[in-house]
Amino acid sequence: MSHIPGIHSAGMRAFLMRTCLADHLAPSVARAAAEVLRRAGVQVRVPAGQTCCGQPAWSIGLPDEARPVARRALRAFAGPEPVVVPSGSCAAMVRHGYPELFRGTPDEPQAVEMAQRTVELSQFMHSHGLEPQAVAGGSVTYHDSCHMLRILGERDSPRAVLAGVEGLELREMEATEVCCGFGGSFSVGFPEVSGKLGEDKARHAAATGADELIACDLSCLLHITGRARRTGIPLRARHLAELLAG
Amino acid sequence: MSADRPVSYPDVAGTLRQRTREAVADAELVGNLRASADAWAAGRTRMEEQHAFAAMRERARQIRTDAVGRLPELLRRLESEVRAAGGHVYFAADGAAACAYVVEVALARGARLVAKSKSMATEEIKLNEALEEAGLRVVETDLGEWILQLAGQHPSHIIAPAVHLNRGQVADLFAAESGRPVPREREALVAHARGRLREVFASADIGVSGVNLAVAETGTLCVVENEGNCRLVTALPPVHVAVMGMERIVAGWDEAAHLLEVLPMAAIGDDAATYVNLITGPRRAGEQDGPEELHLVILDGGRSALRGTEFEEVLNCIRCGACLYSCPVWRSVGGQAYASPYSGPIGAVLTPLLEGPTSPSAELPFLSSLCGSCDDACPVGIPLHDLLVRARARVRPPQRRRERAAFRVWSHLWRGRVGYWASRVAARVGLRLLGRRGWVHRLPGPGAAWTSQRDLPSRWPPT
Amino acid sequence: MAADLAAELIAALERRRGSGAAVAAERAAAEAAAHVAGVGAERAVLADDAWLRGLGLAEALSDGGVEVLWWPTGHDVRELLGLDGPEATVGITVPVAAAAERGTLVLAAGAGHGRAIDVASMHHLALLPAERLVRSLAAALDTVYGRGGVAPSAVSLVSGPSRTSDIEKISTLGAHGALDLHVIVVERGGGSEDP
């Protein structure tokens with residue numbers, strides 16, 4: 001991906017969407033994302049009024065419940081700067097879901113506009129040629145999260161960013177394009193199926209012999225590491241932003 | 001709970017969650033499913049290497065979209081062409097009307113034995129049961145469907161209905177049916193079925209088939225297959241009854257030729273099916289074979305109500321089964337857990353839409369991780385991911401009432417800073433209280449389902 | 001051009017475990033009779049086609065001890081299916097067109113050409129005049145439906161021997177139709193009229 005419509009490198013200012021999952025379970029991910037961007041020379045704004053993109057309600061078929069929460073995001077991220085998200089899934093929600101969520105409402109133009117300037121973190125870095133400026137020894141394996149891969153169509157950016165980390169080896173796992181089984185409400189609605197898919201993913205990741213599992217989505221990582229821990233599969237994991245922040 | 005138009009199988013026990021739990025724990029089933037999905041994926045990769053699949057898919061999407069847009073006009077043309085060729089046409093508003101018509105045809109002929117080839121539409125309307133209730137003997141002649149008939153089971157896949165069974169299980173069923181031991185080699189099993197079913201082709205009074213595609217301009221029905229049973233069922237008995245979903249139509253032969261190429265590529269990873277039977281009316285003067293009577297039953301069954309809605313694209317489906325094989329959930333539980341003839345992503349969208357608002361299948365759209373691999377697999381570009389999300393919004397299963405109530409509270413809390421802040425504090429405090437050496441092993445309330453399968457890191461990154 | 005198409009057709013059929021050969025018209029009957037002997041058929045059911053009659057195939061088969069039945073045979077369904085009479089039958093068809101690209105024969109039913117000849121028989125042998133080869137399926141279907149006449153009551157596209165993948169998703173031959181398919185592409189038109 002060389003150019004994302006609506007994003008211009010001039011000025012190099014950006015909003016950071018922390019994501020609700022990081023806020024609640026792993027604040028280090030959002031902090032790391034901010035650090036990585038700053039180190040790359042980006043002026044980062046982290047709006048204090050942000051909460052969640054609204055995806056949890058949207059994806060289980062409750063658009064009326066999702067809309068007020070998403071509207072808050074529209075207000076919090078109003079402005080010309082790109083919105084950078086350390087989550088392929090939240091970025092996909094805004095880019096792909098917002099135009100439909102707000103269709104026919106007064107907020108539709110703003111939703112479409114925000115969708116156009118919202119990008120996932122590694123996409124932002126890769127499309128602007130930002131160097132990670134990170135050094136890390138050892139090896140990692142990368143998990144293609146579904147919304148990143150199939151809704152954003154993004155396979156290359158995270159790999160390009162990882163390739164820019166000095167001294168790091170990427171070991172691809174088997175069946176990397178197959179879902180880890182998280183799936184939001186699916187993980188608790190059909191936990192046995194979700195758990196089995198997570199276990200398969202954890203085994204594939206561990207089988208690479210890489211030092212740790214890296215992904216651009218915290219949700220998948222919580223699920224995969226949690227299932228690995230429960231089933232005794234040794235697996236370390238971090239978000240891409242955390243790896244880059246060092 | 002009853003549906004306006006039952007599509008789900010009424011005899012399936014347990015809740016959806018229970019069925020998925022049992023299926024995922026069945027190692028033999030999961031192994032059978034995985035082998036079949038791997039074989040499909042290898043074929044699909046081959047097709048993408050040998051053909052310009054992306055371009056073919058876009059053209060297929062346009063053809064289907066155009067046909068669904070012109071549906072009333074195309075159906076009128078089809079009806080007049082089939083009649084002109086000497087066939088009968090019956091428009092059935094629902095499954096009950098379709099079954100009643102076929103039963104009437106059978107009784108009028110004094111029929112006793114019905115030979116069937118595989119048809120999803122007849123599974124949808126439960127035609128076998130209707131014919132059996134009227135005193136007829138019905139024999140499925142597609143190998144997979146016959147195996148299931150012997151097993152007393154429902155199909156698990158649109159194209160490969162018995163894919164959840166292995167050769168040993170099949171041999172046991174054949175031995176029970178014929179009363180003699182049957183070797184377990186695949187070739188011997190196929191030869192055994194060939195021998196047993198030939199008597200059925202020879203003596204059937206009526207042949208019942210589905211329709212993969214109807215071509216309006218000539219009134220031709222396309223029936224696609226690999227085994228040869230569809231040809232025998234449509235050529236030998238004195239009456240042929242074809243049952244088609246009303247959307248399975250294209251205007252002309254250019255469009256039909258393209259879809260007939262795309263269908264086997266998507267369904268079986270081959271660039272042609274073995275047989276495509278193109279039927280234009282019954283036997284004509286001077287011909288020695290072919291049915292004396294041809295009846296085309298065109299089934300609405302809730303389809304026309306989907307036109308012009310946000311679900312219209314489900315009508316583009318050509319029933320290839322690719323989205324099933326591509327789906328990690330289907331590969332984990334198989335089709336039978338869905339309790340509908342239509343399983344996998346397309347079934348999870350289509351079944352509740354056909355059944356109507358009070359359907360027992362209202363939970364099906366939730367049986368998906370929304371991973372989107374079905375979008376990639378679909379040869380006519382149906383946006384299944386988005387349709388699953390929309391279907392969740394349209395059908396409101398009673399099982400999820402509490403979840404909806406919880407999300408109303410969530411929506412109020414997270415639309416403001418204070419509520420969101422309180423929620424974060426609660427999470428931080430909760431994790432600290434419940435965490436043991438960095439992990440939570442048991443969450444209370446709605447979180448219990450999470451920790452039934454996984455631990456939760458109370459510190460991130462986990463150690 | 002026709003030779004290329006014949007090779008393409010045969011290669012595509014071979015991918016589905018069919019077989020084929022391209023021969024000159026003078027050799028077609030001998031080639032066909034040799035194939036029938038090779039599969040061990042005792043009875044041949046032939047599409048009644050002027051061009052096929054002109055090849056001298058019936059004589060070659062009779063010489064080899066194979067019973068020859070021209071369509072319509074007047075036999076009942078049980079004989080066609082091999083339930084009564086000899087089980088080892090070969091259906092001999094004359095496609096009206098063939099699509100080389102994907103290996104598809106187009107059989108059109110009519111008074112002289114039963115719609116079940118190939119499928120009811122144990123073996124299937126098709127004799128195809130080379131001029132009827134086209135590249136794509138669309139072009140092949142156009143020869144049947146695109147010329148404004150009355151569509152045949154039944155057209156069968158045949159792209160290989162009968163098979164099933166219903167057991168363990170592994171393709172196995174000989175489900176209900178012919179156990180094998182052999183096509184003889186007959187070059188230079190066979191010296192007779194070409195319908």
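User: What should I know before I start?

Analyst: It's a predicted model, where local features need pLDDT of at least 70, side-chain atom pairs count only at pLDDT 80 or more, and totals for chains, interfaces and linings use all residues. Residues are numbered from 1 along each chain as its sequence is written, while chains are lettered from A and ligands numbered from 1 in the order in which they are written.

User: Let's take a helix. Which residues of α7 of chain C are buried?

Analyst: The general idea: an α-helix has 3.6 residues a turn, so residues three or four places apart point the same way. "Buried" is 20 or more other C-beta atoms (placed from the backbone) within 10 Å of a residue's own; 12 or fewer is exposed, and in between is partly exposed. Helices are DSSP runs of H or I with at least four residues, strands are E runs of at least two, and both are numbered from the N terminus. In α7(C), residues 137-145, the buried ones are L137(C), A140(C), L141(C), V144(C) and Y145(C). Down the axis of α7(C) they fall within an arc of 120°, so they line one face of the helix; the arc uses directions from the helix axis to the C-beta atoms.

User: What does that face pack against?

Analyst: Here contact means C-beta atoms, placed from the backbone, within 7 Å. The buried residues of α7(C) pack against α12 (253-268) of chain B, plus β5, β6, β8 and β9 of chain C.

User: How do I read a strand, say β6(C)?

Analyst: Check its faces and its partners. Five of the five residues of β6(C) are buried, so the rest of the structure largely encloses it. T104(C), V106(C) and A108(C) lie on one side, with L105(C) and L107(C) on the other.

User: Which strands pair with β6(C)?

Analyst: Strands pair if DSSP finds at least two bridges between them. β5(C) is joined to β6(C) by three bridges, antiparallel, and A99(C) stands opposite T104(C). The two form a hairpin with four residues between them, and G103(C) in the turn has a positive phi of about 70°. β9(C) also runs antiparallel to β6(C), with four bridges; there, A108(C) stands opposite V155(C).

User: And between chains, which pair shares the most contacts?

Analyst: Chains B and C, of the two pairs in contact. For chains A and B, 51 residues of chain A are in contact with 46 of chain B, and α11(A) gives the most to chain A's side, with eight residues. No contact joins chains A and C, whose closest C-alpha atoms lie 21 Å apart.
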